[in-house]
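Please walk through this structure one feature at a time.

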Amino acid sequence: MQVNVTVNGTVFTREVEPRLLLIHFLRDELGLTGSHWGCDTSNCGACVVWLDDVPVKSCTVLTAMADGRRVRTVEDLDRGGQLDPVQQGFAECHGLQCGFCTPGMMMTARWLLDHNPDPSAEQVREAISGQVCRCTGYENIVRSVLWAAKHEGGGT
Amino acid sequence: MTGRTDVPPAGGGAYGPLRRKEDARFVRGKGHFVDDIALPGMLHGAILRSPVAHATIRSVDTAAALAHPKVAAVITGADLAERGLAWMPTISADVQAVLATDKVRFQGQEIAFVMATDRYAARDALELIDVDYEVLPAVADALLAMAPDAPVIRDDLPGKQDNHVFDWAAGDKAAADAAFAAADVVVAQDMLYPRSHPAPLETCGTVACYDPLDGRLTVWSTSQAPHAHRTLYALAAGLPEHKIRIISPDLGGGFGNKVPVYPGYLCAVVGSMITGKPVKWVEDRSENLMSTSFARDYHMHGEIAATRDGKILGLRASVLADHGAFNGTAQPTQYPAGFFHMFTGSYDMQAAHCTVTGVYTNKAPGGVAYSCSFRITEAVYLVERLVDLLARELDLDPAELRLRNLLRPDQFPYTCPTGWTYDSGDYPRALRLAMDIAGYDELRREQAVRRARGEYMGIGLSFFTEGVGAGPKSQMDILGLGLADGADLRVHPTGSVVLAISVQTQGQGHETTFAQIVASELGISVDDVEVVHGDTDRTPFGMGTYGSRSTPVSGAAAAVAARRVRERARIVAAAMLEVAADDLEWADGRWQVRGDPEQGRSFAQIAMAAHSGLELPAGVEGHLDASAVYNPPNLTFPFGAYICVTDVDPGTGEVRVRRFIAVDDCGVRINPMIVEGQVHRGLADGVGMALMQAIVFDAEGNCLGGSFMDYLLPTSMECPSFELGATVTPSPHHPIGAKGVGESATVGSPAAVVNSVMDALAPLGVRHADMPLTPASVWRAIQGRPLRTDLAAS
């Protein structure tokens with residue numbers, strides 16, 4: 001079937017199998033390998049991207065379901081080389097180790113801060129509670145997101 | 001530091017909480033993982049796996065799969081047998097089936113390998129393979145596997161008529177028995193350290209590319225030990241080692257899962273040789289959890305002997321170790337139970353003795369750790385549970401009992417009853433600091449108030465000593481390969497340097513910390529050090545990253561190589577300054593004339609001169625490059641004190657971890673920020689292991705932990721905000737005094753959680769329950785009917 005998916009502001013028209021998962025469309029068809037696949041069961045969130053401005057687990061979204069819709073991935077977080085405060089926060093607060101869960105975590109964090117610019121640590125924990133990190137014990141991810149909240153608006 | 005340290009971190013000029021070099025790519029989504037690799041013409045592999053735990057294979061029919069329009073080739077065990085590759089050696093001197101030929105011995109075992117033009121088609125074709133099984137009785141219970149009438153799993157081994165793998169013992173039995181005979185108090189407990197899985201977020205995978213023209217094989221692989229893999233491919237597949245290149249790109253975690261060579265890797269290699277095309281194989285999550293590398297699975301009986309006033313006299317343990325269907329456990333050859341016999345832990349005692357019996361079951365092979373420091377995790381759990389039970393028996397506070405028995409600083413170097421020589425430590429200081437951060441006395445007062453109100457609050461302690469950085473070549477090897485690691489340091493004319501190392505980061509930040517080591521030794525900026533790793537064509541031989549050995553072994557090699565460079569620089573500086581080399585001293589990051597510090601040369605100036613026409617003394621070749629191979633004289637012995645505060649709901653059995661305090665002493669900290677991150681990870685492991693994570697089987701050998709819906713990992717909701725502290729006791733024999741920290745918290749923390757829950761439940765008369773302390777497990781323990789947590793409830 002043919003799909004038209006707007007990914008990071010660009011429309012892509014592709015012929016795909018109806019069963020093709022969105023994560024594989026992004027990674028294998030478009031070469032956007034920043035989003036990762038980790039579990040198949042919607043538990044780990046390494047594959048989180050935005051679908052029409054809402055974080056989804058792209059391992060359980062069919063590409064067909066994204067037809068005519070907008071997808072945003074980690075590759076779209078920075079602006080003209082300028083890192084998003086969330087990206088800066090993760091680097092600043094050691095919010096990552098192996099880096100595999102990081103894109104999904106950052107997409108969720110960006111969404112959280114767009115809707116709650118001044119979250120508490122508990123609210124950050126709740127926002128990322130559907131995602132798994134095997135390296136950080138979450139402590140520094142929470143600090144990273146709080147750092148980003150504090151440094152929104154251009155400055156660092 | 002976010003926590004507290006009672007000693008300022010020692011170390012070189014570039015040590016400190018430096019932000020990581022590697023993060024620039026990761027935060028942009030530009031990490032480079034195995035599954036990101038796409039080569040022209042690449043085929044996608046998928047493995048057909050056994051749905052049953054034990055069966056004879058009558059036939060495998062691949063005709064329909066081969067007829068699939070997108071399938072390029074199918075490999076079966078029979079195909080591999082023709083090449084002598086149906087079986088491969090494990091790292092424990094056993095053999096493991098690559099693709100089954102005779103029987104399947106665990107659910108999920110590899111039977112056939114399909115290669116197709118896309119990953120979905122490869123999966124489709126698996127459905128077209130017809131396997132005729134004759135199902136045999138399975139044994140998933142380690143205790144039953146030792147029974148005389150148990151089905152024999154390994155009938156491939158000549159003459160094998162039982163499921164026994166090995167017997168091993170350490171310590172002095174007579175001395176231990178004498179200590180027990182003289183004791184006022186003996187406390188005993190059976191306890192299970194259940195089977196778990198490291199479950200890195202990136203599963204295992206590979207891309208194999210064989211070039212038939214020049215016979216070169218390039219393998220991109222999720223490997224914690226690329227050099228060891230190269231040698232294993234050469235030994236297992238008969239390929240010339242100099243034609244093999246292993247590239248380990250960014251790894252999405254490892255934790256032990258990515259140490260061995262798995263059947264899927266070999267299938268991809270053979271597949272590439274057969275088809276002449278690159279072949280990618282990446283396991284899915286169920287394959288990861290069901291087939292590649294379990295950890296733990298130790299059924300332990302422990303006994304501790306003491307005087308009435310709380311002096312520990314001795315320790316005994318007997319263990320039944322479930323090794324699954326093939327003995328693929330990873331540890332030095334000389335130690336079939338790893339370093340379990342470091343089980344006297346952190347305590348001063350006269351005598352100890354342990355026995356370990358290995359047994360085959362119809363469960364996945366592996367035993368490749370999981371941040372366990374070669375089974376010290378199990379040992380620490382055993383002794384720390386026993387010490388808590390002893391405290392309860394003696395009606396002593398568990399902190400007080402520990403303080404009475406911890407090794408004293410003046411006892412180091414200390415040789416424990418089973419023969420390990422601990423390098424350095426100040427244990428009471430670490431425990432007192434943890435108690436201070438926790439507000440221990442106040443917590444006990446709060447607990448008393450809550451207990452009076454009928455609330456169940458627990459305070460659990462653990463103290464651990466690890467032995468890491470394996471290890472001395474005279475004492476340990478893996479498959480005959482000594483556990484030494486090389487480092488090559490190249491110095492460019494402008495004074496920037498490239499360090500090539502043999503170990504492989506899985507998130508530990510080697511590109512930053514190893515640059516800090518070299519920068520400190522040479523007085524240059526960390527920005528002027530590039531660290532090369534994960535490519536056997538570009539790096540010197542070494543055994544890789546596991547057992548917390550990167551800093552203790554490879555970090556030492558890097559420091560020694562840098563010091564050799566510095567000595568070469570001294571000769572050049574002497575020529576530049578027209579003085580004798582002996583007249584120079586290394587100060588403030590440069591060579592300068594003793595007593596005349598104005599006369600000196602920076603490293604960059606020396607590097608340029610070394611490449612110039614400067615006349616050097618006879619026999620000095622110029623340039624500054626140097627290399628080193630570090631063969632550690634001993635292990636290093638990190639230690640720490642952990643305190644976990646829990647609240648338990650007796651109605652539901654739910655445990656909430658309220659606080660977790662951790663004081664770690666890993667010697668000199670190169671990058672305290674990274675050290676703390678590693679400790680955080682291990683504490684989360686402790687929460688997971690103690691409360692959630694277990695790979696459970698049913699009586700037929702079905703794996704019930706085959707997805708993240710069943711194998712539960714801790715999330716941000718189960719983990720508390722960790723409170724860290726540090727003491728710094730340098731290792732006396734390590735070039736920079738570092739000890740390693742990668743596994744410390746995973747080793748030390750589960751016991752603190754379990755001790756905390758048992759402390760909470762003490763008023764209800766609960767003495768022990770096995771991990772994981774799920775609500776069901778806790779509730780059953782409260783009812784006086786503890787669950788057996790390794791088998792599905794019948």
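Helix H19 of chain B spans residues 775-782, and its buried residues are Ser777(B), Val778(B) and Ala781(B). Buried means that 20 or more other C-beta atoms lie within 10 Å of the residue's own; 12 or fewer makes a residue exposed, and anything in between partly exposed, with C-beta atoms placed from the backbone. Seen down the axis of H19(B), the buried residues fall within an arc of 95°, so they line one face of the helix. That arc is taken over the directions from the helix axis to the C-beta atoms. Helices (H or I, at least four residues) and strands (E, at least two) are DSSP runs, numbered from the N terminus.

This is a predicted model, in which local features need pLDDT of at least 70 and side-chain atom pairs count only at pLDDT 80 or more, while totals for chains, interfaces and linings use all residues. Residues are numbered from 1 along each chain as its sequence is written, and chains are lettered from A and ligands numbered from 1 in the order in which they are written.

What do the buried residues of H19(B) pack against? They pack against strand S31 (639-649), strand S32 (654-665) and helix H18 (744-761) of chain B. After H19(B) comes Gly784(B), with a positive phi near 80°.

Go back to the loop between H18 and H19 of chain B, where Pro772(B) is found. A cis peptide bond joins Met771(B) to Pro772(B), with omega about -10°. Another cis bond runs from Ala470(B) to Gly471(B), with omega near -25°. Gly471(B) sits in the loop between strand S21 (456-465) and strand S22 (477-478) of chain B.

Now look at phi. Asp395(B) is not a glycine, yet its phi is positive, about 55°. Its loop links helix H10 (376-394) and helix H11 (398-405) of chain B. Asp395(B) is exposed, with 7 other C-beta atoms within 10 Å. His623(B), also other than glycine, has a positive phi near 60°. His623(B) lies in the loop between helix H16 (603-610) and strand S30 (626-630) of chain B. With 16 C-beta neighbours inside 10 Å, His623(B) counts as partly exposed.

Finally, turn to the chain contact. In all, 41 residues of chain B are in contact with 39 residues of chain A. Contact means C-beta atoms, placed from the backbone, within 7 Å. On the chain B side, helix H1 (23-26) and helix H17 (672-691) each supply at least two residues. H17(B) gives the most to that side, with 7 residues.

Terms used:
Contact = placed C-beta atoms within 7 Å.
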